[in-house]
Amino acid sequence: ELRPAGDYWGMGSLDLEKRMKDDLGEDFQIATIGPSGENGIVFSCITHDFGRQAGRCGVGAVMGSKKIKAIAVRGSKGLACRDLPGLTKLTYDIIQRTKTHPNMAPWQKYGTAYFVGWSNERGCFPTRNFQQTYFEDWKGIDGEKLVEECLISDKACFGCWINCGKYSKASVPGKPDVYVEGPEYETIALVGGSCAFKSIHEVAYANNLLDNVGIDTMSGGSTVAFAMECYQRGIITKDDLEGHELRWGNIDDFEHVIDMIVHRRGIGDALAHGTKGAAERIGKGTIHFASQAKGMEFSGYDTRWYSAQLLSYCTSDIGAHHNRSWAITADIELGQDTPVGKAAVVIYLQHIRPLFDTWACCRLFWGEVDVTPEEHAEAIAHITGWDVDFPECMRVSEKIWNLTRAHYLERNGGPGRQFDVAPLRHLEEPGPDGPAKGHKVGRENFDYMLDDYYANRGWDKNGNPTREILEEMGLKHVADNLEKKGLLGEPIEGGIPKVRGEKLKPKAM
């Protein structure tokens with residue numbers, strides 16, 4: 001049934017979920033948006049379970065545009081499973097094998113926050129809006145500090161034995177204590193390092209603030225960091241900020257500018273469009289330090305010394321998100337100063353990582369404790385009864401990738417290459433400090449990787465899918481449609497490659 005939102009409208013996501021459970025009953029599962037979704041902020045999210053978000057791409061704004069504040073559901077039936085004994089045995093064997101995996105203990109203790117020191121030591125931790133690649137105050141916001149000072153309890157997803165979620169309490173002087181799920185690595189990187197907060201309590205407090213107003217902490221943190229750099233450079237002034245400042249590592253300034261963004265006041269209206277949209281509205285060369293691809297803010301990894309990761313961000317169908325391809329270890333294994341061999345590995349990752357979304361399960365089993373892709377496919381077969389193996393699953397993922405590329409071209413025009421663009425800071429600006437000091441990808445290396453990427457995908461040099469690849473994927477109707485619109489790729493001399501994407505040995509996550 002549809003019900004009027006009434007005084008639910010305007011409430012924060014977390015506040016509303018509690019209120020609706022009080023009104024409807026604890027047996028309801030509730031998805032909500034905050035005021036940012038109501039007001040069409042392009043990086044607003046949908047929240048569930050007091051801290052889990054459909055975080056990126058602005059899906060909260062889509063829900064808000066339809067004037068839907070929340071969705072509440074409950075059920076009484078179980079989930080069907082074709083071969084429950086087979087699934088049970090497979091799962092039991094995996095748990096027994098992985099519980100002693102060397103990654104299990106640190107992931108259970110610290111969760112994704114374990115990665116803060118790792119990234120910092122490798123010169124890829126975003127600092128002060130990616131101006132730097134090394135944060136000198138990282139120990140104040142890493143996983144060890146989170147566990148020592150903020151942790152209340154671990155929190156697992158349903159049925160998961162890794163148990164890497166953290167439920168925390170933040171105590172910031174002059175602020176009310178707040179409780180939050182997290183902070184996760186990406187929030188620590190893009191709110192903590194990128195905005196230069198020195199205390200994990202401040203990061204957790206900001207995490208709770210963003211969760212409640214319904215803003216993605218990744219794009220939200222990056223957008224505030226972008227604005228902080230604008231203030232540092234004198235491009236945004238106190239007059240633009242209603243008399244406030246916007247200083248690195250200042251929680252009061254952070255809180256004020258978020259309120260301006262959520263309610264689209266003054267400069268907040270420009271920032272509500274994300275870093276690319278804000279740079280286009282503010283001008284004055286600010287696009288140079290907007291770390292984004294296709295309008296999506298970078299995940300929490302600097303790419304000056306990691307060319308495969310830069311290629312991953314720029315060729316992703318949704319923009320710069322590590323969900324599609326996390327290639328840092330591929331860069332390390334292949335050599336951080338060479339572009340050779342990067343494209344094929346990125347393609348492999350762009351097929352396997354989104355595959356976990358189609359499987360509706362977490363990547364960490366595969367990425368951290370070595371549950372094999374073949375075991376995932378076997379589990380799907382036990383649940384559904386389908387005769388499906390891993391190579392077939394990868395083919396489906398490649399089909400989806402080509403379909404989303406065609407969809408993007410249909411909506412935005414072509415050629416596709418004009419959208420696979422690297423931000424200038426990550427392409428041309430050498431790392432100023434830390435392990436990545438002096439390193440940059442450079443345009444020549446990036447263009448080499450892009451050419452190699454298109455050739456490996458079976459697309460033409462303009463980045464448009466060809467009829468050959470689309471028909472091999474069973475997408476003849478898509479090829480026909482692109483041809484009508486003048487967007488079909490030119491035939492490739494010698495035909496499309498038979499092997500598209502290559503797995504590293506041992507592997508790259």
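Contact here means heavy atoms within 4.5 Å. The structure is a predicted model, and in it Phe226 is in contact with Asn129, Leu271, Thr275, Ala278, Ala279, Ile282, Thr286, Phe289 and Ala290, once its neighbours within four places in sequence are left aside. Phe226 also belongs to the largest nonpolar core, which has 130 residues. Together with Phe254, Ile258, Phe446 and Tyr453, Phe226 touches the most other members of that core. Helix H16, residues 342–359, gives the most to this core, with 10 residues. Another core lies apart from it and has six residues, including Tyr8, Met11, Leu16 and Met20. In soluble globular proteins, nonpolar side chains tend to be buried together.

Helix H14 spans residues 307–315, and nine of its nine residues are buried, so the helix is largely enclosed by the rest of the structure. The buried residues of H14 are Ser307, Ala308, Gln309, Leu310, Leu311, Ser312, Tyr313, Cys314 and Thr315. The cover over these residues includes strand E8 (292–293) and the helices H15 (328–334), H16, H19 (390–412), H20 (424–428) and H21 (443–457).

Four strands form an open sheet in the order E3-E2-E1-E4, with antiparallel pairing. Strand E3 (52–54) and strand E4 (70–73) are the edge strands, each pairing on one side only. From one strand to the next, the twist averages 20°. Within the sheet, strand E1 (residues 29–32) and strand E2 (residues 46–48) run antiparallel and are joined by two bridges. Ala31 stands opposite His48 in E2. Helix H1, residues 13–24, packs on the sheet and touches E1, E2 and E4; the direction of H1 makes about 145° with that of E1.

Two cis peptide bonds can be described in the backbone. One runs from Gly182 to Pro183, with omega near 0°. Pro183 is placed in the loop between strand E7 (178–181) and helix H8 (185–195). Another cis peptide bond joins Gly414 and Pro415, with omega about 0°.

Positive phi values in residues other than glycine include that of Glu242, where phi is near 60°. Glu242 sits in the loop between helix H10 (217–232) and helix H11 (251–262). Its relative accessibility is 41%, so Glu242 counts as partly exposed. Lys284, also not a glycine, has phi near 60°. Lys284 is found in the loop between helix H13 (274–282) and E8. With a relative accessibility of 65%, above the cut-off of 50% for an exposed residue, Lys284 counts as exposed.

Gln96 is found in helix H4, residues 84–98. Its relative accessible area is 34%, so Gln96 is partly exposed. The side chain of Gln96 makes a polar contact with the side chain of Lys99, at 3.5 Å. Gln96 and Lys238 are 142 residues apart along the chain, and their C-alpha atoms are separated by 58 Å.

Technical notes
Residues are numbered from 1 along each chain as its sequence is written. This is a predicted model: local features need pLDDT of at least 70, side-chain atom pairs count only at pLDDT 80 or more; totals for chains, interfaces and linings use all residues. Side-chain values use heavy atoms; hydrogens and water are left out. Two strands pair if DSSP finds at least two bridges between them. Axes are lines fitted to C-alpha atoms, for helices over the stretch in contact, and angles run from 0 to 180 degrees between N-to-C directions. A nonpolar core is a set of buried Ala, Val, Leu, Ile, Met, Phe, Trp, Tyr and Cys residues joined through side-chain atoms within 4.5 Å. Buried means under 20% relative accessible area, exposed over 50%, partly exposed in between (1.4 Å probe, protein chains only). A polar contact is a pair of N or O atoms within 3.5 Å; within protein, one must be able to donate a hydrogen and the other to accept it, and residues adjacent in sequence count only if both atoms are side-chain atoms.
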